[in-house]
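Here is a short tour of one protein model. Please look at the structure first, then read on.

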Amino acid sequence: MSKIKEKIEYICENCGYKTLKWLGRCPSCESWNSFQEDIKINIKKLNNREINTGNLKIYNLHELESTENIRINTTIKEFDRVLGGGLVLGEIVLLTGHPGVGKSTLLLQAADEYSKDNIVYYVAGEESASQIKLRSERLNINSKNLFILQETEINIIENQIRKNKPKIVIIDSIQTVYNSEYDSIPGTITQIRESTLKIIDIAKKENISFFIVGHITKDGKIAGPKLLEHMVDAVLTFEGEENYYYRILRSVKNRFGSTNEIGIFNMNEKGMTEVLNPSEFFLNDRDDKNVGSIIMPTLEGSKIFLVEVQALCTTLLFGLPRRVVQGFDFNRIQIISAILEKILHIELGGLDLYLNVPGGMYVKETAADLAIAISILSSVKNIEISNKIAAIGELGLRGEIRKVSFIDKRLIELEKLGFKGVYLPEGNRNEIDEKKFKIKVIYLRNLNELLERMNKNG
Ligand SMILES: Nc1ncnc2c1ncn2[C@@H]1O[C@H](COP(=O)(O)OP(=O)(O)O)[C@@H](O)[C@H]1O
Ligand SMILES: [Mg+2]
């Protein structure tokens, strides 16, 4: 194959900014050391074809017949749900995550399921076939239709796929795949982009589904340009702290389903097992009464998760007060602290404040404001809170407690797990059919009413 090389440009792997000279810092997104060589090619020459509009296909939308997406399912329900109800034929899914989080493990388990009725290829660029065999023995995988391809040259992979037409192909990982027609090394933007373009062509023409594994850089970005995310149909991220044994699979982009859908998995020597009742999972280890802790039902995708909101306020001994926040947006905590100081005259300036969501969940919803305020108040004033009470509500700057959405769904989940009471915004009162719920609802208008209530109950 002749090498195709025309003109060298440099491209920022973070934002895609292009320049003719290598730069240490990107003028567009200001990231350092992000430029990589990008080889510009003449596509016309590559394809050896003239642009011929005579072959252009135009469809009349009205006359087009719609086809239902064909979905392939596994028995791993959480995995299928995050995909939007199963893998769509011809779909390209990018799975990203830090090394060691379990991407290969999860995909090997999914491959085992898929290959019960379909031929599945696992393109192994990172591990040898015998390493994969060892893992599959540990995971108890023994499907007869699962094939390991120990190859990373995309044209060779393509030939093999077009010849044998597997239903599903797993590329582990895109950073190891390369096209020998280009001069750059595997893992560079040129190679990642060209390999992915080739994969898209195969997927759409042959109706083959692909999983592409993509590594994440230190600062959490998918290695390679952002454009990889734009090229694929779905992007799933696999997250998990090293010291926790569970993992969160999240869909951040999905052309065939909703985004922000999450699934929780448990990592052990038998591989990933799905956690079907994650609320219970996040709620263990609580006493009957706790200081600085309350439960909040948070919405993630289409599911409610009960999470514990913990606050610890300690007397400041020297220097500036510390604000350490895990699981929430830091600025939101600053706002809530300011409201508590102003409206309830709580002196937080002389206290160190630590906030945490045990289990490593990150709560983005402002509906968690009330639970945050309660846990801070409980810690500052040493008020015990029953472990059967939860709180939902957004705080306004005037100290008012504002209405939140999806109340019914949240109450149902709370009842299911045996909660006896819940603090809710007054604004939600009309929407709730109280006959439907056994849980005691305490409506609040503002922070003053809340403090009164807490002092009385505590
Ligand atoms: N024998 C084993 N028993 C239990 N866990 C293991 C074993 N071998 C490897 N692991 C775990 O599997 C994980 C590696 O998963 P892997 O699927 O290779 O991750 P990724 O593909 O995301 O880099 C590691 O976190 C490691 O702790
Ligand atoms: Mg791997």
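## Helix pairs

Start with helix α9 (residues 330-344) and helix α10 (residues 369-381): their axes come within 10 Å and cross at roughly 60 degrees. Keep in mind that this is a predicted model. Angles under 35 degrees count as roughly parallel, over 145 as roughly antiparallel and 65 to 115 as roughly perpendicular, with the rest oblique. The two helices α9 and α10 are therefore oblique to each other. Their crossing is right-handed.

Which residues make the contact of α9 and α10? From α9 come I333, I336 and L340. From α10 come D369, I372, A373 and I376. By class, 6 residues of this contact are nonpolar, none is polar and 1 is charged.

Now turn to helix α5 (residues 154-164) and helix α6 (residues 189-206). Their axes come within 11 Å and cross at roughly 10 degrees. That angle makes α5 roughly parallel to α6. On the α5 side, the contact is made by I154, E158, I161 and R162. On the α6 side, S195, K198, I202 and E206 take part. The residues of this contact divide into 3 nonpolar, 1 polar and 4 charged.

The table sets out the two pairs.

| Helix pair | Axes come within | Crossing angle |
|---|---|---|
| α9 and α10 | 10 Å | roughly 60 degrees |
| α5 and α6 | 11 Å | roughly 10 degrees |

## Domains

How is the protein divided? Domain 1 covers 1-57, domain 2 covers 70-274 and domain 3 covers 281-457. The centres of domain 2 and domain 3, taken over C-alpha atoms, are separated by 38 Å. Domain 2 gives 7 residues to their contact, and domain 3 gives 7 residues. On the side of domain 2 that touches domain 3, 3 residues are nonpolar, 2 are polar and 2 are charged.

## Around the ligand

What surrounds ligand 1? The shell holds G97, P99, G100, V101, G102, K103, S104, T105, R138 and E269. Helix α3 (residues 103-114) supplies the largest share of this shell, 3 residues. By class, the shell has 2 nonpolar, 5 polar and 3 charged residues.

## Two backbone details

Two loops deserve a look. One holds S173, which sits between β9 (168-172) and α6. The peptide bond from D172 to S173 is cis, and its omega is near 5 degrees.

The other loop holds N382, placed between α10 and β20 (384-386). What is the phi of N382? It is near 55 degrees, a positive value in a residue other than glycine.

Key:
Residues numbered from 1 in each chain as written. Chains lettered and ligands numbered in written order. Predicted model: local features only at pLDDT ≥ 70, side-chain atom pairs only at ≥ 80, totals over all residues. Near = placed C-beta within 6 Å. Helix = DSSP H or I, 4+ residues; strand = E, 2+ residues; numbered from the N terminus. Nonpolar A, V, L, I, M, F, W, Y, C, P; charged D, E, K, R; others polar. Axes fitted to C-alpha atoms, helices over the stretch in contact; angles between N-to-C directions. Left-handed = near helix turned anticlockwise from the far one by under 90°. Contact = placed C-beta atoms within 7 Å. Domains from an automatic or database assignment.
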